[in-house]
Amino acid sequence: MRQHAKTPALALARLVLASGRPVDLAELRFTSTYGDLLEGYPCKPVNDRRIRGLLRAAERARPGTPVHLLPPRRAYPDQYAGGLGPVEVLPAVACVGTFHSTALDPAHDPVAYRSRLTVVWFQATPRLPSGCDAEPGLRDLDWAGLARDARALA
C-alpha cells in the first residue's frame, strides 16, 4: 500500500481524489432522507427543501468552511403524481461530511494550516466512504477550487 493511502489515526477515512490529493474525512453525519416526512410524498419541492436545509445546517455547523453539494441522483418511479407534481426519490441516506487536507497555499505553514471543505451528498446505504467504494462525485471534487485554508485546531 502506498504511504499516502493509509488512513491517519484521527481521521474516519481517507480518500484519494482523482487529482491525486489525499483528503481526510474528519466528521460525518448520516440522516434518513425521508425520516421526518410526516405527510405528503417525495417530490421535487420536498427534495429541494430537504437539500436547502442540509446546506444551511452544514454552513451553521462550521462557519467559515465552504459547503459543496454533490447533485443527487433523482429517480422517478412510475407512481401517481399528487398535487405537488411527480414522485421524485433521492437516495435513502443524506450525508454531511467535513474533509481536511494539506494547505492549498504553499506559503502557509503546513503544520498550522489545513484546507477544509464540507460536502453534502446522498447515498443508498449508511456506509463510510473510502477508496473505490466512495460516491463517484466525492473522488472528483475540485479541491483547489472548492476548499479553503484555515488554521488547524490547536
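User: What is the volume of the largest pocket?

Analyst: The largest pocket has a volume of about 180 Å³. That volume is the space filled by probe spheres set on the grid points, joined across faces, edges and corners. The model is predicted: local features need pLDDT of at least 70, side-chain atom pairs count only at pLDDT 80 or more, and totals for chains, interfaces and linings use all residues. Residues are numbered from 1 along each chain as its sequence is written, and side-chain values use heavy atoms, without hydrogens and water.

User: What makes a residue part of the lining of the largest pocket, and which residues line it?

Analyst: A lining residue has an atom within 4 Å of a pocket point. A pocket is an open set of points on a 1 Å grid over the protein atoms alone, with protein on both sides within 12 Å along at least five of seven lines; in a cavity, a 1.4 Å probe fits but cannot get out. Thr 33, Tyr 34, Asp 36, Leu 37, Val 46, Arg 49 and Arg 50 line the largest pocket.

User: Why is the pair of Phe 99 and Trp 121 called tilted?

Analyst: Rings of Phe, Tyr and Trp (its six-membered ring) pair if their centres lie within 6.5 Å; planes under 30 degrees apart count as stacked, over 60 as edge-to-face and the rest as tilted. The search of the whole structure finds one aromatic pair. The centres of Phe 99 and Trp 121 are 6.2 Å apart and their planes stand at 40°, so the pair is tilted. Phe 99 lies in strand E4 (residues 93–102) and Trp 121 in strand E5 (residues 113–123), 22 residues apart. Strands (E, at least two residues) are DSSP runs, numbered from the N terminus.

User: Why does Cys 95 count as buried?

Analyst: Buried means under 20% relative accessible area, exposed over 50%, and partly exposed in between (1.4 Å probe, protein chains only). Cys 95 is at 0%, so it counts as buried. Cys 43 is also at 0% and therefore buried.

User: What makes Arg 114 partly exposed?

Analyst: Arg 114 lies in strand E5. Its relative accessibility is 22%, so it counts as partly exposed.

User: Why is E4 called largely enclosed?

Analyst: Nine of its 10 residues are buried, so the rest of the structure largely encloses E4.

User: How do you know that E4 and E5 pair?

Analyst: Two strands pair if DSSP finds at least two bridges between them. E4 and E5 are joined by 10 bridges and run antiparallel. Val 96 stands opposite Val 120 in E5.

Methods: Helix = DSSP H or I, 4+ residues; strand = E, 2+ residues; numbered from the N terminus.
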